[in-house]
Amino acid sequence: MAPNFALLVFILCCFCSAGATTIYVGGSKDWSTDSDISTIQADVGDALVFRYTQDYDMEEVPQLLYTTCNTYSKKPNQVYNDDDTIISPTQPGDLYFIFGNFCRTLRLYVYVDP
């Protein structure tokens, strides 16, 4: 009975991940002030690939911080600085990203569909 269950789990995992898409933020230009992107629509399980310079941190932030760019009064949800970050949303909703000192010019809103 256990081998059949393991096989079923394996098949379901393959089926569920088959629809995932890899999205390169900024396309071939990487995510920089040269890229012309401010909004992305993704699905739960997609892979958002952020390639950027390590000179500054990339931050996932709350909507208020994204809107106001007041990085001194609010803390980010998460900070990344590895220059090649992959984020796979696990639930539907809104995600907001800013890049270092470029909050007004280098920012991204991601709408995640179920």
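The protein exposes about 7,300 Å² of surface, and carbon and sulfur atoms supply 54% of that area (Shrake-Rupley method, 1.4 Å probe; for residues, only the protein chains shown count as cover). This is a predicted model, so to speak of local features takes a pLDDT of at least 70 and side-chain atom pairs count only at pLDDT 80 or more, while totals for chains, interfaces and linings use all residues. Residues are numbered from 1 along each chain as its sequence is written, and side-chain values use heavy atoms, with hydrogens and water left out.

As for the overall build, there are 2 helices and 8 strands (DSSP runs numbered from the N terminus: H or I of at least four residues for helices, E of at least two for strands). From the N terminus on, they come in the order α-β-β-β-β-α-β-β-β-β. Of the 114 residues, 32% count as buried (under 20% relative accessible area, 1.4 Å probe, protein chains only).

Strand S8 (residues 107–113) is mostly covered, with 5 of its 7 residues buried. S8 runs parallel to strand S2 (residues 39–43), joined by 5 bridges, and pairs with strand S7 (residues 93–99) in the antiparallel sense over 6 bridges (pairing takes at least two DSSP bridges). Tyr109 in S8 is the bridge partner of Thr39 and also of Tyr96.

Leaving aside neighbours within four places in sequence, Glu59 is in contact (heavy atoms within 4.5 Å) with Pro76, Gln78, Val79, Tyr96, Phe97 and Ile98.

Note on methods: Buried means under 20% relative accessible area, exposed over 50%, partly exposed in between (1.4 Å probe, protein chains only).
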